[in-house]
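Please look over the structure before reading the points.

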Amino acid sequence: LNQNDSGSSWYIVLGGSLEVRLITTNTQTTQTNTIEKASVYLKRYASSRDDIFLNQNDSGSSWYIVLGGSLEVRLITTNTQTTQTNTIEKTIITLTYLGVGATFTETLLGDLPRGAHIITKTTCELLRIQYRDFVEIKERNKDVISELQMNTKIKNGFEPTISKSSPSMPTQARRTSTPDCPNPAEPIVESPSVPMARAGWVLRTLLLNDESGTLRDRKTSGGRTIARRCASGSELVDWLMSLAPSLAVSRQITTGMWQALLEEGVIYHVNGEQAFRDKCILYNFWQDKEGSSSQATAQDIAEAEEHLEEALLALARRAPDAILRYILRKQPLDRTSEDLEQIYEELLHLKPLHHLSNSVRRELAGVVMFEAHPRKGEILFHQGDEGKSWYIIIQGSVDVVIYGKGCVTSLYAGEDFGKLALVNNAPRKYSYVFHQGDEGKSWYIIIQGSVDVVIYGKGCVTSLYAGEDFGKLALVNNAPRYKFRGPNRFQQITANLDVFLRRFNEIQYWVITEILLVTSLNKRVQILRKMIKLAAYCKEYRNINALFAVLMGLSNVAVSRLSLTWDKLPSKSKKTYTELEALIDPSKNHRAYRQAVSKLQSPVIPFMPLLLKDLAFTHDGNKTVVDGLVNFEKMHMFAQTLRTLRYCRTRHLVLDPPTPKCESEVKSYVSCLRAMDNQRILTSMSQKLEPRRS
């Protein structure tokens with residue numbers, strides 16, 4: 001292997017021996033001589049595992065270089081508690097780990113104090129140089145030692161910024177953003193992927209060969225500084241569109257192609273403050289930002305032209321996602337109505353949000369933010385931290401770690417976490433807890449461990465283990481946790497109730513099916529308008545159960561994602577739908593629905609699953625017999641719910657008889673609605689009608 005060659009393989013020596021030889025140029029002679037002089041004073045030192053190698057606040061007497069093993073840099077802080085307890089609490093913080101090639105005790109090098117403990121994590125071998133010997137070398141070679149001091153701080157992770165003499169390779173830029181204030185100008189990865197790095201090289205090579213001189217030195221910051229080989233965003237967009245007219249991409253997609261390069265650190269805004277924009281804002285490639293003066297050779301140009309089409313296709317595929325990430329990294333107040341609509345369209349496809357209504361999704365579109373964590377092993381939050389965010393994984397995976405147990409599970413793309421701690425304003429926990437009578441919002445499958453099922457007054461009635469599930473019925477029927485327990489012949493005497501509940505699902509899927517079976521956009525808008533009108537009629541005639549069924553069908557993701565259809569809907573119909581949707585809002589135990597129903601006159605067809613929920617809550621939450629006596633308070637609660645149901649039918653429904661042209665056909669149609677209940681098929685039909693925007 002030659003010095004400075006890029007490594008493409010890893011080798012293991014099975015036999016023989018090899019020499020590792022360093023060849024230096026004349027500019028390195030001084031530093032090499034210094035290292036040779038220093039090597040005379042270096043002494044090998046060994047330490048066993050878990051030794052406290054150096055104590056915090058001790059004065060430095062030697063400088064160490066790690067040859068083997070690893071060490072932990074640990075900071076211990078003390079906090080005095082209240083005077084009543086008169087105790088001192090110690091907090092242990094791990095600052096970093098030192099591996100082979102790292103150095104420490106930089107008090108010898110200048111201004112960095114020893115402010116932490118150094119503890120060996122494994123058996124270690126180190127080189128040590130005494131203070132008096134190091135001072136002698138430092139006095140003779142101040143320039144080299146100053147450079148060594150800077151490199152040592154950077155390598156050990158104590159320097160907050162990196163100097164301009166950082167290695168000339170596209171690495172992660174200095175991160176100044178926070179989750180609350182993301183900086184869209186910063187890369188979201190530590191280093192560019194191979195396709196993006198290759199595409200950046202192709203475009204830069206062709207730009208350097210461009211006769212118009214798009215890339216050139218320009219003055220910035222009011223003429224105070226000069227940016228090397230930069231171009232404005234508008235110029236880069238124009239150049240790229242003229243370079244590939246066969247792709248026939250819009251300016252927006254072309255802007256997204258450059259943004260994809262900026263996200264991976266291939267290009268930068270000259271001041272590191274702006275994402276890529278189709279405006280008079282200057283950008284340059286990472287090579288030019290770091291001072292490269294290389295020119296494109298004829299061979300480079302020929303190779304770049306050969307790979308141009310491949311590079312453009314790779315950029316075009318990543319452009320839509322790059323545009324979406326740019327929008328998500330904007331502050332909520334800076335987002336336009338088009339931005340919010342694009343975010344809403346994306347939220348429709350996220351599985352953790354399927355149970356939310358369209359109005360809630362639109363609210364989320366205004367506050368959801370994009371957050372990138374490129375480094376493996378980064379801790380998002382600790383167990384016990386206050387819940388401040390709800391995360392949905394778009395790409396990658398997350399390990400869930402519990403103190404004392406290690407990694408208990410892993411979450412992957414499409415899954416979410418952190419929601420319960422955020423909603424309940426509780427600290428992060430390793431377990432989920434919900435109570436009897438709670439509203440059913442999730443269906444759980446146990447991967448590892450066990451769950452106890454507890455009923456008030458009866459204690460633990462059963463336990464569930466890995467591979468079993470729970471919460472499904474409460475989610476499907478919109479009922480509280482645990483089944484309603486009735487007489488032994490419960491299934492035999494509630495046949496009409498079972499048919500009634502099945503009819504609810506049938507109407508819901510009938511609404512979805514009717515809309516998706518229409519291929520014409522204008523006719524589909526008419527069907528959607530009629531369904532909203534049908535829901536309004538259900539409310540007018542106090543058929544609240546059918547109202548819920550129709551609205552839940554319209555809020556199904558297969559229908560709600562049809563943005564072209566909804567956009568053509570008249571504003572009056574949109575307003576009607578919004579008002580009706582507010583009625584089925586499940587928050588605060590269906591408060592909006594309960595208030596509306598309490599004002600209605602009989603006859604009313606109530607939302608039956610909610611009445612069943614009230615009965616189940618009363619039954620499971622109260623003992624039937626207390627101290628050998630009947631719990632009449634429970635019976636009164638039952639009676640109150642049943643009185644509500646009885647009131648709904650105290651009067652007969654009086655309507656003028658309809659006079660349809662084909663009454664028999666209408667009755668036949670209504671008695672046997674065509675409905676497909678396979679969500680996968682419905683989603684596929686929806687995507688064929690209106691393909692996902694790219």
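The points below take the salt bridges, then a histidine, then a surface patch.

1. This is a predicted model, in which local features need pLDDT of at least 70 and side-chain atom pairs count only at pLDDT 80 or more, while totals for chains, interfaces and linings use all residues. Residues are numbered from 1 along each chain as its sequence is written, and side-chain values use heavy atoms, with hydrogens and water left out.

2. The structure holds 14 salt bridges (a side-chain nitrogen of Lys or Arg within 4 Å of a carboxyl oxygen of Asp or Glu). One of them joins Glu235 and Arg218, at 2.8 Å from N to O. Glu235 is in helix α5 and Arg218 in strand β9, 17 residues apart (helices, H or I, of at least four residues and strands, E, of at least two are DSSP runs, numbered from the N terminus).

3. Arg218 is buried, at 14% relative accessible area, whereas Glu235 is partly exposed, at 28% (buried is under 20%, exposed over 50%, partly exposed in between, with a 1.4 Å probe and protein chains only).

4. Arg229 and Asp288 form a salt bridge at 3.4 Å, N to O. This pair links strand β10 to helix α7, 59 residues apart. Both Arg229 and Asp288 are buried. Arg204 is linked with Arg229 and Asp288 in a network of salt bridges.

5. His269 lies in strand β11 and is buried, with a relative accessible area of 6%. A polar atom of the His269 side chain is 3.3 Å from the backbone nitrogen of Gln274.

6. Helix α16 (residues 521-540) gives the most to the positive patch, with three residues. Lys533 is found in helix α16.

Terms used: A polar contact is a pair of N or O atoms within 3.5 Å; within protein, one must be able to donate a hydrogen and the other to accept it, and residues adjacent in sequence count only if both atoms are side-chain atoms.
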